[in-house]
Amino acid sequence: MSFLNRRFFLSQSGLLLSGAAVALLAGEDALAAQGGPSTEDDVRILNTALGAELEAIAAYQLGAESGLLQKPALDLAVTFQGHHKEHADILAKTIGKLGGKAVGAKAKYSFPTENLKSQADVLRFAAALEKGAVSAYLGAVPLFGNRELAKAAASILGDEAMHWAVLRNALGEAPVPSAFMS
Amino acid sequence: MRSMLAALALAACSNPLLAAPAASVVAGKVVYERCLACHALAYDRTGPRHCGLFGRRAGSVPGFAYSAAMRRSAIVWDEKTLNLFLADPLQAVPGTSMGYAGVKDKAERADLIAYLKQACQ
């Protein structure tokens with residue numbers, strides 16, 4: 001099945017997949033055909049990204065359960081956590097597809113809970129993580145040996161950037177403070 | 001003409017106002033924001049903590065799951081080794097888990113290192 005046909009099939013069958021998932025499914029054959037040192041490097045990069053996504057899920061869980069977030073900020077946190085769960089799921093599946101072993105969530109994460117005393121503190125903490133995630137994906141995209149993986153990582157990067165902008169907006173800050181990210 | 005250029009070059013080297021700007025801790029803190037998806041100063045995350053970095057042997061924070069490449073690297077972190085690693089982590093330590101292209105700007109690396117040096121004091 002060609003990429004376009006596959007995408008048409010997915011849309012017609014009611015399966016709504018993220019851009020990252022579509023990119024990865026599109027590259028399924030190419031992923032399966034790859035091997036060697038480049039694939040090992042790609043798996044390592046994906047596993048680092050997966051570790052960070054799993055931590056982000058835990059961070060949003062902490063925020064949601066803190067009692068400090070009120071609607072609509074609470075809804076934002078739950079929505080963004082859902083995105084990170086989707087990222088983690090697709091990353092883990094891709095790592096498996098490439099013959100790697102996906103890292104699991106840690107039993108316990110360290111967070112600066114002593115500094116989280118208000119809704120603004122929680123939102124600022126989340127915004128810092130999201131900004132860091134944008135930079136992390138920006139630093140990973142050019143490293144992938146497989147261009148489909150780079151495309152998928154860039155798709156996730158776009159999502160993280162939107163999270164950062166929306167969180168800044170919720171804090172009353174300029175949502176997009178500059179034309180470029182680094 | 002040649003002697004004039006040489007004189008200007010000499011003056012530039014000896015004039016502190018024309019020399020390379022000193023590393024900025026404040027600017028380094030902004031660069032460090034790029035690291036915050038994986039790192040923190042005081043505790044381990046996807047990457048290891050940065051407090052106590054200077055003089056520490058790479059791959060030696062107790063309990064942190066480093067890559068085999070980092071554990072075997074025999075690097076001791078100082079300004080020079082950090083500058084090399086941060087410029088291109090995968091080139092400096094092939095097999096590192098830090099899948100990041102690097103901080104390519106020399107001045108930004110200097111700022112980041114200056115920040116890391118004083119951040120936990």
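Buried means under 20% relative accessible area, exposed means over 50%, and partly exposed lies in between (1.4 Å probe, protein chains only). Keep those words at hand for the tour.

This is a predicted model, where local features need pLDDT of at least 70, side-chain atom pairs count only at pLDDT 80 or more, and totals for chains, interfaces and linings use all residues. Residues are numbered from 1 along each chain as its sequence is written, chains are lettered from A and ligands numbered from 1 in the order in which they are written, and side-chain values use heavy atoms, leaving out hydrogens and water.

**Stop 1: a salt bridge in chain B**

Select B:Asp88 and B:Lys104. Their side chains meet in a salt bridge (3.8 Å, N to O). The term means a side-chain nitrogen of Lys or Arg within 4 Å of a carboxyl oxygen of Asp or Glu. B:Asp88 lies in the loop between α4 (79-87) and α5 (89-92) of chain B, and B:Lys104 in the loop between α5 and α6 (106-119), so the pair ties together parts that are 16 residues apart in sequence. Helices here are DSSP runs (H or I, at least four residues), numbered from the N terminus. B:Asp88 is partly exposed at 26% relative accessibility. B:Lys104 is exposed, at 53%.

**Stop 2: salt bridges in chain A**

Go to helix α5 of chain A, which holds both A:Lys93 and A:Asp89. They sit four residues apart, about one turn of the helix. Their closest N and O atoms are 3.0 Å apart, in a salt bridge. Next, pick A:Asp75 and A:Lys71, another salt bridge (2.9 Å, N to O). Is A:Lys71 buried or exposed? A:Lys71 is exposed, with 60% relative accessibility. A:Asp75 is partly exposed, at 34%. Over all chains, the count comes to ten salt bridges.

**Stop 3: where the chains meet**

Show both chains. Contact means heavy atoms within 4.5 Å. The contact takes 22 residues from chain A and 16 residues from chain B. Together the chains bury about 1600 Å², 59% of it on carbon and sulfur atoms. Buried area is the accessible area (1.4 Å probe) that two parts lose on being put together, summed over both. Select A:Arg44, A:Thr48 and A:Glu55: they supply 25% of the area that chain A buries against chain B, more than any other three residues. How many salt bridges cross this interface? The rule finds two. Find the side chains of B:Glu33 and A:Lys131, which meet in a salt bridge (2.4 Å, N to O).

**Stop 4: aromatic rings**

Rings of Phe, Tyr and Trp (its six-membered ring) pair if their centres lie within 6.5 Å; planes under 30 degrees apart count as stacked, over 60 as edge-to-face and the rest as tilted. There are six aromatic pairs over all chains. Select A:Tyr109 and A:Phe111. Their centres are 6.1 Å apart and their planes at 25 degrees, so the pair is stacked. Now jump to B:Phe64 and B:Tyr66. With centres 4.8 Å apart and planes at 70 degrees, this pair is edge-to-face. Both residues are buried.

**Stop 5: the largest core**

A nonpolar core is a set of buried Ala, Val, Leu, Ile, Met, Phe, Trp, Tyr and Cys residues joined through side-chain atoms within 4.5 Å. The largest has 40 residues; A:Leu46, A:Leu91, A:Tyr137, A:Phe144 and A:Leu167 touch the most other members. Its largest share, ten residues, comes from α4(A). Finish on A:Phe144, whose contacts beyond four places in sequence include A:Asp42, A:Ile45 and A:Leu149.

Methods
Helix = DSSP H or I, 4+ residues; strand = E, 2+ residues; numbered from the N terminus.
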